[in-house]
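Me: I have a structure to go through before I set anything up. Can you take my questions as they come?

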Amino acid sequence: MKKNLYGSTLQVVLTIFTFAIVYLPILVIILISIHGSQYNYDSFKLTFRWYQEIINDQQLVDAIIVTLQIALLATTISTILGTAFAIGIHSLKKKNRVRMMVLNNVPVVNPDIVTGIMLFIIFRFFRMTFGFPTMLLAHIFFTLPFVILSVLPKLKQLDPNLFDAALDLGATKFQAIVRVIIPSIKIGMIAGALIAFTMSIDDFIISYFMKQGEFHNVSTLIYSRLAKRQISPTVFAYNSLVVVLTMGLMILFNRSNQTQKKVRG
Amino acid sequence: MKSLRRLIYPYIAWLTVLIIIPFLFIVLATISTFHIFNSYTFRFTFDSLRFLTDPIFLNAFKNSIKFAGITTVICLAVGYPVAYFFANIKSKNKTLYVALLIVPIWSNMIVRIIAWENVFKPVSILNLFNLSFDMIGSDIAIIIAMVSMYLPFMIFPIYAVLDKMDHGYIEASRDLGANSFQSFYKVTLPLSLGGIVSGIIMTLLPAMTAFALPERIGGGTTILLGNLIEKEIFRGSFSTAATVSFVVMIVMLGFFMLIVRFDKEGETLL
């Protein structure tokens with residue numbers, strides 16, 4: 001195919017623009033996290049003091065623990081329930097399946113603030129105390145549809161006779177699901193779990209509506225400090241650590257994938 | 001596999017309690033004296049609908065449309081060619097390049113907003129490079145920050161569609177005599193419409209309802225629908241918050257119909 005030279009130059013320029021505008025805040029965050037002074041920007045002083053101070057910032061440490069606990073629990077529960085629901089949805093006839101998926105996709109398309117309000121209303125209505133349980137429920141709520149969305153395409157690729165064959169050979173339904181269906185949809189489950197974890201760990205708006213007193217995840221803690229003008233560079237240090245770690249993991253993952261491909265020929 | 005249908009009943013119950021009932025509450029609060037915070041005498045009233053003609057609401061609505069609209073147009077104009085570029089790279093690192101756009105999303109959204117606030121403040125870390133901007137409260141600043149936040153969400157769904165597309169169609173159209181512009185306009189573009197619609201929704205709706213971003217970058221003076229909802233609900237003014245949410249939901253449902261037309265099971269939403 002002949003290449004359109006103007007078209008591809010434009011594409012390269014726009015790609016560079018995209019990386020620049022998306023990464024600029026990240027560079028600013030990293031720069032603030034290694035600069036010695038909070039208020040003086042005359043000359044650059046390299047320091048790792050803010051990284052050491054993360055451990056002393058008890059409130060931040062607590063919020064990190066809450067964020068991780070919620071993310072891990074919500075991801076595990078959503079992945080298990082989402083897989084079960086996806087299997088159920090997949091076994092429906094086309095018309096009902098489409099209906100279920102429309103309902104399933106409401107939380108995906110719904111703006112976070114409206115989801116936050118809806119959950120706030122229903123939890124208030126049931127007189128629930130806001131805090132860990134409501135935040136966990138909320139995170140399960142908005143991650144579940146993503147797990148279902150990523151498991152469903154894998155179920156469609158599955159030969160429907162496999163499940164019946166397993167039953168004919170004497171497996172119970174549960175055994176047939178665990179031994180036949182799950183191994184074939186594993187990739188979809190892992191992808192769904194990764195999306196769920198990413199969304200949970202970064203959520204601000206929905207968690208904000210689940211807040212109660214001094215119970216915070218990282219996002220709501222930072223936001224509340226912002227209002228009180230108490231932002232210290234430790235927050236930036238923590239955030240830089242997360243970014244560097246994920247980027248490292250991604251590059252490692254990519255490399256190991258490639259060596260695997262090479263070994264398999 | 002019919003026997004597995006029973007697995008969806010708990011999900012139906014879950015969605016009913018957490019989506020359908022709150023939705024009805026919001027509708028009810030918009031058209032009656034219904035209130036979840038205190039006991040109430042129930043009667044229908046359209047008082048809260050009057051808020052829709054209040055200058056405060058109209059201003060927030062106008063701002064939401066303006067900022068989200070401009071942001072979405074920029075994201076589509078930039079995002080489509082970028083997605084196209086990624087989809088056509090012939091490198092074994094292709095997925096890594098796309099994944100590099102996910103890394104910034106892992107960074108906390110609030111921290112990224114503070115980073116932009118720093119960039120636009122006169123006294124900031126940028127002074128180290130002898131740069132200084134004074135743009136807090138300006139429209140441009142809000143739009144730049146929004147594009148930075150939401151651009152990846154425009155690129156991913158379009159990339160997903162373009163990457164899966166069968167190149168045979170394009171070659172066929174070229175063999176049948178279409179020039180590169182025609183084959184893009186008649187083949188590639190229509191086939192990627194589903195991704196475009198998802199991308200627009202993933203950009204437009206969050207931008208319309210953002211509240212931390214306009215509050216920080218807008219210097220507290222630019223009010224969007226999200227700011228209005230947040231302010232009203234924590235002020236205890238349930239019915240106005242519900243009314244504004246109702247308006248947002250109507251917009252959302254409109255777009256939802258569009259998705260259902262292009263992609264019944266929402267496969268482009270991931």
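Me: What share of the 270 residues in chain B is buried?

Reply: Buried residues make up 47% of the 270 residues in chain B. A residue is buried if 20 or more other C-beta atoms lie within 10 Å of its own, exposed if 12 or fewer, and partly exposed in between, with C-beta atoms placed from the backbone.

Me: Where do these numbers come from?

Reply: The model is predicted: local features need pLDDT of at least 70 and side-chain atom pairs count only at pLDDT 80 or more, while totals for chains, interfaces and linings use all residues. Residues are numbered from 1 along each chain as its sequence is written, and chains are lettered from A and ligands numbered from 1 in the order in which they are written.

Me: OK. How many helices and strands in chain B?

Reply: Chain B has 12 helices and zero strands. Helices (H or I, at least four residues) and strands (E, at least two) are DSSP runs, numbered from the N terminus.

Me: And what box do the C-alpha atoms of chain B fill?

Reply: Roughly 70 × 70 × 35 Å, taken along the principal axes.

Me: Which domains is chain B divided into?

Reply: Domain 1 covers 1–45 and domain 2 covers 51–269; the bounds come from an automatic or database domain assignment. Seven residues from domain 1 of chain B and seven residues from domain 2 of chain B make the contact, where two residues are in contact if their C-beta atoms, placed from the backbone, lie within 7 Å. The centres of the two domains of chain B, taken over C-alpha atoms, are 29 Å apart.

Me: Switching to the contact between chains. How many residues from chain B and chain A?

Reply: 80 residues come from chain B and 78 residues from chain A. The side of chain B that touches chain A divides into 58 nonpolar, 14 polar and eight charged residues. In that scheme Ala, Val, Leu, Ile, Met, Phe, Trp, Tyr, Cys and Pro count as nonpolar, Asp, Glu, Lys and Arg as charged, and the others, Gly among them, as polar.

Me: Now helix packing. At what angle do H11 and H12 of chain B cross?

Reply: The axes of H11 (residues 225–234) and H12 (residues 238–262) of chain B cross at roughly 155 degrees and come within 8 Å. Axes are lines fitted to C-alpha atoms, for helices over the stretch in contact, and angles run from 0 to 180 degrees between N-to-C directions.

Me: Parallel or antiparallel, then?

Reply: H11(B) and H12(B) are roughly antiparallel to each other. Angles under 35 degrees count as roughly parallel, over 145 as roughly antiparallel, 65 to 115 as roughly perpendicular and the rest as oblique.

Me: Which residues make the contact of H11(B) and H12(B)?

Reply: H11(B) contributes residues including Leu225(B), Leu228(B) and Glu232(B), and H12(B) residues including Phe238(B), Val244(B) and Val248(B). By class, the contact has eight nonpolar, two polar and one charged residues.

Me: What about H3 and H6 in chain A?

Reply: H3 (residues 58–90) and H6 (residues 132–157) of chain A pack at about 45 degrees, with axes 7 Å apart. That makes H3(A) oblique to H6(A). Their contact has 18 nonpolar, eight polar and no charged residues.

Me: Last one: why does Tyr185(B) count as exposed?

Reply: Because Tyr185(B) has 12 C-beta neighbours inside 10 Å. Tyr185(B) is found in helix H8 (residues 180–191) of chain B.
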